[in-house]
Amino acid sequence: MNSKRFTTIPLLAAVLAASTSALAQDRAKVRTTAPEPAMQSRAYPIPGRTEPYEFTAIFTRATGIVKERLFDIGDTVKTGDVLAIIDVPEIDRAVDSAKAAVDQALARYNNARTLADRARTLLESRAISREEAEQRIANATEYDAAVRLAEAQLASFQEQQKFATVRAPFDGIISGRNFNRGDRVRGDAATSEGWLYRLVRLDQLRFVIAAPPDLAMQVKDGVIAQITFNELPGRTLEAKVYRRSDVFDQASGTMRVELLLPNPDLSIPSGLTGNATFTLAPTPDRYLVPTNTLVMNRGAGSLRAVVDGKVQTIGVSVGRSLGARVEVVSSALNRDLRLIVNPNAMLRDGDAVEIITNTEAAAQGR
């Protein structure tokens, strides 16, 4: 019995060693690196584009022939300026007819009111019957209502007549014109092609950027950025963040952020591409990692780390790309963490892996 027992022990040890060797061979071999803390204040440049502070397409609600065109592309206009006049003879005649209807209704009312007042006096002396007096008073009330109806119809036609005068809704510059004098325009145009003018306000501009999560989470209303344009060498302008969408676009993973850029001399056109540079304070959860450790999926970034010999996925907010390295933000990162370089798409959380050195990876052609 004893000899058999001692014979079995070496056999079990050999089997265990063989199993361990087989498991080690089954483990994926990965090369790793460590994240580097980015603790310094830094300049964060990001491209953007200017847009008008206000812009609109101006339509007319009148149908007729353009009688006058008073402004053209590039002209500066003030609020309330007459831009164009539409000839609408049908509305003009309707206004004249409505005025005559008001005069007629007023004459009838005045006559009925006189008869009603006289009826009240005659009723006191019993010169007329109560029924006749009440009829005259009812007639006066009816004609009073007819006057109000005629005045309402006149007001309606006069409002339609005002539509024939196209005015500027705000101070700005005419950026587009879609008609000529003598053209027929329709006030009931249902399509966007029926506009007459495009008007933009350029004394202030929106400088719009698509901010990635790490920038969007740090820039709040009032934060100032330095704006530069290649077309304006030597000029550095200040713009202030004044509006954020507070929604990340699912496709791009960025947030729309608007800065207010003063442009009193109108020297900066709308649609000009430039750069906004923010000075961001250091944050403890910001790291620099090699670009080939970052995995992007539908705009969301993540890293694969080796923790206790197994794969663990760490979600990160992605910042600037610095060529070979990229900024990421996550409270789960630390300088001792081992990040997998060029992670295999087949790796899943919990998979056992074996870390190899750069020398071993080079020998294996990795």
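User: What makes strand β15 count as mostly covered?

Analyst: Four of the five residues in β15 (residues 286-290) are buried. Buried means under 20% relative accessible area, exposed means over 50%, and partly exposed lies in between, with a 1.4 Å probe and protein chains only. Strands, with at least two residues (E), and helices, with at least four (H or I), are DSSP runs numbered from the N terminus. Before we go on: this is a predicted model, where local features need pLDDT of at least 70, side-chain atom pairs count only at pLDDT 80 or more, and totals for chains, interfaces and linings use all residues. Residues are numbered from 1 along each chain as its sequence is written, and side-chain values use heavy atoms, leaving out hydrogens and water.

User: How do you know which strands pair with β15?

Analyst: Two strands pair if DSSP finds at least two bridges between them. Strand β2 (residues 36-37) has two bridges to β15, so it meets that definition. Strand β19 (residues 325-329) is joined to β15 by five bridges. Both pairings run antiparallel. Glu36 stands opposite Leu288, while Arg286 faces Val329 in β19.

User: Why is Glu258 called buried?

Analyst: Its relative accessible area is 7%, and the cut-off is under 20%, so Glu258 is buried. This residue sits in strand β13 (residues 255-262). Among the residues that Glu258 touches are Arg206, Phe207 and Tyr242, leaving aside those up to four places away in sequence. A contact here means heavy atoms within 4.5 Å.

User: And is Pro264 buried or exposed?

Analyst: Pro264 has 71% relative accessibility, and that is over 50%, so it counts as exposed. You'll find Pro264 in the loop between β13 and β14 (273-280). Its C-alpha is 8.0 Å from that of Leu202, although the two are 62 residues apart in sequence.

User: How do you know that the span of helix α3 is close to the expected one?

Analyst: The expected span is 1.5 Å times one less than the number of residues. Helix α3 (residues 130-162) has 33 residues, and its reach of 48 Å from first C-alpha to last is close to the expected 48 Å. Its buried residues include Ala133, Arg136 and Leu154.

User: What does the whole chain look like in numbers?

Analyst: The protein chain has five helices and 21 strands. Of its 366 residues, 33% are buried. Among contacts between residues at least 6 apart in sequence, 75% join residues at least 24 apart.
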